[in-house]
Amino acid sequence: AGGGDGRPSSETFLVRDTRYTLFAVGGVSLCSDSPVMTAIQNQAKSNDGLVLLGDVVSLDDFPSSASDDMATDHPAYQKIKSLANSFHDFYIIPGEKEWRSGKEVSSNTLQSLDKLLKDVKDKGRVLMPAKECSMPDVIRLTDNTVLVLMDSEWALESETHPGDNLPGCELNNVLELRNAIKGIIQSHRSDQIIFATHHPLYAN
């Protein structure tokens, strides 16, 4: 979302200290100009971080016959590559759009998207957590701040299809995810912890 003056609105999340700023925003288009993304890039320094909170890129954005080589020439891929080069820390966490292809929402779609984007960064994956429905990934940003990357769409899918254990999953259900979150909090008692997720952790 963006304000009328072209700057990020209150829905764009910022964490600042004297050395580092983390920007977090979701639901922005990577296939067309976004005033929010323009404003973030105008404010950001090369040592800052950006987390895209899902619903920013879809497998359907790429040609259905796209190979890895073809994908690298696509405008969406080029935009993601540019962002990866502009920020010290850059991640995309999945929302429904990243899980969806056509009318189907599945882990296979997420795996295919991850494969297309696997070489965006020189080191590590851009689509995080690094494995669908894996344990949340913990990234240290500063001496006293950690970032926890979570796939909340997996949590919704696991509730919608109970008993359908997806291949490669380290977690089987939301209860196990909740316990994993508690473990992370207990392990980082002296840190500021930022949870990055497409959906809210708690909702009515």
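Student: Does D55 count as buried, exposed or partly exposed?
Tutor: Buried means under 20% relative accessible area, exposed means over 50%, and partly exposed is in between, using a 1.4 Å probe and protein chains only. D55 counts as partly exposed because its relative accessibility is 25%. Before we go on, this is a predicted model, where local features need pLDDT of at least 70 and side-chain atom pairs count only at pLDDT 80 or more, while totals for chains, interfaces and linings use all residues. Residues are numbered from 1 along each chain as its sequence is written, and side-chain values use heavy atoms, with hydrogens and water left out.

Student: Where does D55 sit, and what is its phi?
Tutor: First, the naming: helices (H or I, at least four residues) and strands (E, at least two) are DSSP runs, numbered from the N terminus. D55 is in the loop between β3 (49-52) and α2 (68-71). Its phi is positive, about 60°, although D55 is not a glycine. P63 is also placed in the loop between β3 and α2, and P63 counts as partly exposed because its relative accessibility is 40%.

Student: Which way do the residues of β3 point?
Tutor: In a regular strand the side chains alternate between the two faces of the sheet. Here G49 and V51 point one way from β3, L50 and L52 point the other way, and all are buried.

Student: Which strands does β3 pair with?
Tutor: Two strands pair if DSSP finds at least two bridges between them. Strand β2 (residues 21-25) runs parallel to β3 and is joined to it by four bridges. Four bridges also join β3 to strand β4 (residues 89-92), again parallel. Follow V51 across: A24 stands opposite V51, and in β4 the bridge partner of V51 is Y91.

Student: What do β2, α1 and β3 make together?
Tutor: A crossover is right-handed if, with the strands pointing away from the viewer, the path from the first strand over the helix to the second runs clockwise. In this model β2, helix α1 (residues 35-43) and β3 make a right-handed β-α-β unit.

Student: How many aromatic pairs does the structure hold?
Tutor: Rings of Phe, Tyr and Trp (its six-membered ring) pair if their centres lie within 6.5 Å; planes under 30 degrees apart count as stacked, over 60 as edge-to-face and the rest as tilted. The structure holds one such pair. F23 and F87 form it edge-to-face, 6.5 Å centre to centre with 70° between the planes. The pair links distant parts of the chain, with F23 in strand β2 and F87 in the loop between α3 (75-86) and β4, 64 residues apart. F23 counts as buried because its relative accessible area is 1%, and F87 because its value is 6%.

Student: Where is the cis peptide bond?
Tutor: The bond from M128 to P129 is cis, with omega near 0°. P129 lies in the loop between α5 (107-116) and β7 (137-142).
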